[in-house]
Amino acid sequence: MYKMQEEEFDKIKATKKPELCNHEFVKLYTLGTHSDYGCLLCKVKTLTPELFCDKRENE
């Protein structure tokens with residue numbers, strides 16, 4: 001999984017709506033500490049990305 005500073009992630013613009021996204025999560029860090037996961041396409045942030053992936057796979 002790709003790693004990214006949360007500050008960099010916040011500068012990215014969303015290209016998809018969360019409910020239509022296939023989610024490409026990256027591991028977000030703040031000052032060297034893991035803080036969240038974020039989707040590069042729709043900008044969703046979560047501590048549990050597997051919940052989003054499972055939801056899309058079951059549809």
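I will start with confidence, then take the fold, and finish with two residues next to each other in sequence.

This is a predicted model, so confidence comes first. The chain has a mean pLDDT of 87, and 90% of its residues reach 70 or more.

Now the fold. There are two helices and four strands, and from the N terminus on they run β-α-β-β-β-α. The strands make an open sheet in the order β1-β2-β3-β4, and the pairing is mixed. Which strands stand at the edges? They are β1, residues 3–5, and β4, residues 45–46. Each has a single partner strand, so one side of each is left without a neighbour in the sheet.

For β4, the partner to look at is β3, residues 33–39. The two pair in the antiparallel sense, over two bridges. Within this part of the sheet, G38 stands opposite K45 in β4.

A few totals for the chain. Of its 59 residues, 31% count as buried. The accessible surface comes to about 4,300 Å², with 53% of that belonging to carbon and sulfur atoms. Taking contacts with a separation of 6 or more, 49% are between residues 24 or more positions apart.

Next, the two residues. Q5 has its place in strand β1, and E6 lies in helix α1, residues 6–11. Are they buried or exposed? Q5 is partly exposed, with a relative accessible area of 34%. E6 has a relative accessible area of 16%, which is under the 20% cut-off, so E6 counts as buried.

What do they touch, leaving aside neighbours within four places in sequence? Q5 is in contact with Y29, T30 and L31. E6 is in contact with L28, Y29, T30, S35 and K45.

Q5 and T33 are 28 residues apart in sequence, and their C-alpha atoms are 9.4 Å apart in space. T33 falls within the residue range of β3, 33–39.

That is what I have; questions are welcome.

How values were computed
Residues numbered from 1 in each chain as written. Predicted model: local features only at pLDDT ≥ 70, side-chain atom pairs only at ≥ 80, totals over all residues. Heavy atoms only, no water. pLDDT = per-residue confidence, 0-100. Pairing = 2+ DSSP bridges. Buried < 20%, exposed > 50% of the residue type's maximum accessible area, 1.4 Å probe, protein only. Contact = heavy atoms within 4.5 Å. Areas by Shrake-Rupley, 256 points an atom, 1.4 Å probe, with all protein chains shown as cover.
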